Amino acid sequence: MTLTFAEEIILLLLRDHDGRFVRVPNWSLEYAMAGGVLMDLAMENRIDTDLENLILVDSTPVGDNLLDPTLAEIAADETHPTRHWVERTVERADAIHQEALARLVERGILEQQEKRFLWAFRSRRYPLVDGRAEREVKLRIMEVLFSDEIPDPRDIMLICLVDACGIFNELLSKQELGNAADRIAQVRRMDLIGQATTQAIRDIEFSIAVSVQPHMY
């Protein structure tokens with residue numbers, strides 16, 4: 001079974017040298033989890049988007065408890081833009097994160113060490129739905145960023161999500177981020193659901209930033 005976007009985000013954030021996760025702002029992780037659910041639903045052909053609106057394509061449950069609660073909510077009231085569904089799904093972000101982490105352990109990809117919440121890879125190759133083995137997510141994403149190859153649609157969506165949530169700031173050095181900036185911008189333009197989710201997250205960020213600024217008199 002293909003890993004969900006939430007699971008891949010977790011694997012991106014794991015540091016090999018000490019078994020801890022890269023520290024990112026809470027909002028970054030929460031919106032990555034929420035955006036990942038919407039992107040998975042798009043990959044499952046349950047939803048589609050234009051640059052503003054989210055469209056229900058098929059209300060049939062996926063059979064995945066990470067995705068089906070959001071799909072059911074969309075099916076019950078599909079009149080909202082993408083931003084609304086990002087904000088709504090963020091309410092489940094912690095549960096999504098915990099379930100995704102538990103799945104990685106159950107699949108034998110991660111293991112918890114001792115009682116100190118340290119983690120380690122057990123498997124460096126992750127199964128895909130067609131039974132083929134795939135390189136781990138970090139190698140895939142870095143290969144896309146630092147090459148001119150046409151990326152897989154799923155990797156395009158993942159890069160859009162990681163960029164929108166500011167996670168590249170923690171994964172790459174300043175020099176690497178500068179070198180990859182044009183490529184990230186190019187990849188972002190390759191996928192509509194990625195663009196829509198990215199824009200929704202950035203609009204939310206902007207609204208939050210404006211709301212917490214001191215009023216000027």
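Trainee: Which residue does Glu 99 form a salt bridge with?
Mentor: Glu 99 forms a salt bridge with Arg 103, and the closest N and O atoms are 3.2 Å apart. Please keep in mind that this is a predicted model.

Trainee: Where do Glu 99 and Arg 103 lie?
Mentor: Both lie in helix α5, which covers residues 93–106, and they are 4 residues apart, about one turn of the helix.

Trainee: And Arg 103, buried or exposed?
Mentor: Arg 103 is buried, because its relative accessible area is 10%, under the 20% cut-off. Glu 99 has a relative accessible area of 28%, so Glu 99 counts as partly exposed.

Trainee: How many salt bridges does the structure hold?
Mentor: The structure holds 10 salt bridges. One of them involves Glu 87 and Arg 83, whose closest N and O atoms are 3.8 Å apart. Those two residues both lie in helix α4 (residues 82–90), 4 residues apart, about one turn of the helix. Glu 87 counts as partly exposed because its relative accessibility is 34%, and Arg 83 likewise counts as partly exposed, at 29%.

Trainee: What about Arg 92, where is that found?
Mentor: Arg 92 is found in the loop between α4 and α5. Arg 92 is buried yet has no salt bridge, and the nearest side chain of opposite charge, that of Glu 73, is 6.4 Å away.

Trainee: Then which side chain does Arg 92 join through a polar contact?
Mentor: The side chain of Thr 70, through a polar contact of 2.9 Å. If we leave aside neighbours within four places in sequence, Arg 92 is in contact with Asn 65, Leu 66, Pro 69 and Thr 70.

Trainee: Changing topic, which residues have the most contacts inside the largest nonpolar core?
Mentor: Ile 9 and Leu 110 do, in a core of 62 residues. Helix α2 (residues 26–43) contributes the largest share of this core, namely 9 residues.

Trainee: What does Leu 110 touch?
Mentor: Not counting residues up to four places away in sequence, Leu 110 touches a set that includes Ile 10, Leu 11, Leu 14, Trp 119 and Phe 121.

Trainee: How many disulfides does a search of the whole structure find?
Mentor: The search finds 0 disulfides. As for individual cysteines, Cys 160 counts as buried because its relative accessibility is 0%, and Cys 165 is buried too, with a relative accessible area of 0%.

Trainee: Last one: how many helices and strands are in the protein chain?
Mentor: The secondary structure comes to 10 helices and 6 strands. Buried residues make up 46% of the 217 residues in the chain, and among contacts between residues at least 6 apart in sequence, 64% join residues at least 24 apart.

Technical notes:
Residues numbered from 1 in each chain as written. Predicted model: local features only at pLDDT ≥ 70, side-chain atom pairs only at ≥ 80, totals over all residues. Heavy atoms only, no water. Disulfide = S-S within 2.5 Å. Buried < 20%, exposed > 50% of the residue type's maximum accessible area, 1.4 Å probe, protein only. Salt bridge = Lys/Arg side-chain N within 4 Å of Asp/Glu carboxyl O. Lys, Arg positive; Asp, Glu negative; His and termini not counted. Polar contact = N/O pair within 3.5 Å; in protein donor to acceptor, adjacent residues only side chain to side chain. Contact = heavy atoms within 4.5 Å. Core = buried A, V, L, I, M, F, W, Y, C linked by side-chain atoms within 4.5 Å.
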